[in-house]
Amino acid sequence: MDGKVLLGGALVWLVIFIVPILVYGAFAAVTGLKPPGSSPVLFLVSTAVSKLGTAIAFVGLFYIGREVLGGQWVLYAGLWWLMFVIGEAGQAIGPDYSVQEAVAGAISETIYFPLSGLIVSWLVRG
């Protein structure tokens, strides 16, 4: 593993952390959506840790399969997008998660997975 892989991981993490903040912020301004929990700071910290795990998995799996996936980053990102959007729908069906949150999450994922796919294709390709 080289510096490009680490840079790719850091950039993917930034993208998948910052995009939802912007999307949820826009939703909050328009719909009054509130962050879950009692502390916005604690929510952001927990989100940062969660997104770090996603970034490591996204970049790590691409790195492992880079010989096969190098030219197929759109498919790769699309499969991650599908998995996460289905997860958003599942959470919206359950308790303590609104349809607004699920829509904001799906919009975020529609933005950050293609961007993340571009990043890994550019930096991590075999």
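A search through the whole structure, which is a predicted model, turns up ten aromatic pairs; rings of Phe, Tyr and Trp (its six-membered ring) pair if their centres lie within 6.5 Å, with planes under 30 degrees apart called stacked, over 60 edge-to-face and the rest tilted. Take Phe 58 and Tyr 76: the ring centres are 4.9 Å apart and the planes sit at 50 degrees, so this pair is tilted. Phe 58 belongs to helix 2 (residues 40-64) and Tyr 76 to helix 4 (residues 73-93), so the pair ties together parts that are 18 residues apart in sequence. Helices here are DSSP runs (H or I, at least four residues), numbered from the N terminus. Both partners are buried, Phe 58 with a relative accessible area of 1% and Tyr 76 with 7%; buried means under 20% relative accessible area, exposed over 50%, and partly exposed in between (1.4 Å probe, protein chains only).

Trp 80 and Phe 113 make another tilted pair, since their ring centres lie 6.0 Å apart and their planes at 40 degrees. This one links distant parts of the chain, with Trp 80 in helix 4 and Phe 113 in helix 5 (residues 99-123), 33 residues apart. Trp 80 is buried at 10% relative accessible area, and Phe 113 is buried too, at 1%. Stepping back, ring pairs join Phe 58, Phe 62, Tyr 76, Trp 80, Phe 84, Tyr 112 and Phe 113 into a cluster. Elsewhere, a charge sits over a ring: Arg 66 lies over the face of Tyr 63, 4.0 Å from the ring centre (the cut-offs are NZ of Lys or CZ of Arg within 6 Å of the ring centre and within 35 degrees of the ring normal).

As for helix 1 (residues 3-31), its 29 residues reach 42 Å from first C-alpha to last, close to the 42 Å expected at 1.5 Å a residue; the expected span is 1.5 Å times one less than the number of residues. At the start of this helix, a side-chain oxygen of Asp 2 comes to within 3.0 Å of the backbone nitrogen of Lys 4. After the helix comes Gly 32, with a positive phi near 80 degrees. Buried residues of helix 1 include Val 5, Gly 8, Gly 9, Val 12, Val 15 and Ile 16, and Phe 17, Val 19, Pro 20, Val 23 and Phe 27 are also among them. The buried residues of helix 1 pack against helix 2 and helix 5.

The largest nonpolar core has 23 residues, and those with the most contacts inside it are Val 12, Phe 58, Val 120 and Val 124. Such a core is a set of buried Ala, Val, Leu, Ile, Met, Phe, Trp, Tyr and Cys residues joined through side-chain atoms within 4.5 Å. Helix 1, helix 2, helix 4 and helix 5 each supply at least two of its residues, and helix 1 gives the most, with seven. In soluble globular proteins, nonpolar side chains tend to be buried together. Leaving aside neighbours within four places in sequence, Val 120 is in contact (heavy atoms within 4.5 Å) with Val 12, Phe 58, Val 59, Phe 62 and Arg 125.

Ser 108 is found in helix 5 and is buried, with a relative accessible area of 1%. Beyond its neighbours within four places in sequence, Ser 108 is in contact with Val 19, Pro 20, Val 23 and Tyr 24. Ser 121, also in helix 5, is buried at 5%. The C-alpha atoms of Ser 121 and Gly 70 are separated by 6.1 Å despite being 51 residues apart along the chain. Not counting residues up to four places away in sequence, Ser 121 touches Phe 62, Gly 70 and Trp 73.

Arg 125 lies in the segment after helix 5 and is partly exposed, at 46% relative accessible area. With residues up to four places away in sequence set aside, Arg 125 touches Phe 62, Arg 66, Gly 70 and Val 120. Asp 96, in the loop between helix 4 and helix 5, is exposed at 79% relative accessibility. Its phi is near 65 degrees, a positive value in a residue other than glycine.

Residues are numbered from 1 along each chain as its sequence is written, and side-chain values use heavy atoms, with hydrogens and water left out. In this predicted model, local features need pLDDT of at least 70 and side-chain atom pairs count only at pLDDT 80 or more, while totals for chains, interfaces and linings use all residues.

Methods. Polar contact = N/O pair within 3.5 Å; in protein donor to acceptor, adjacent residues only side chain to side chain.
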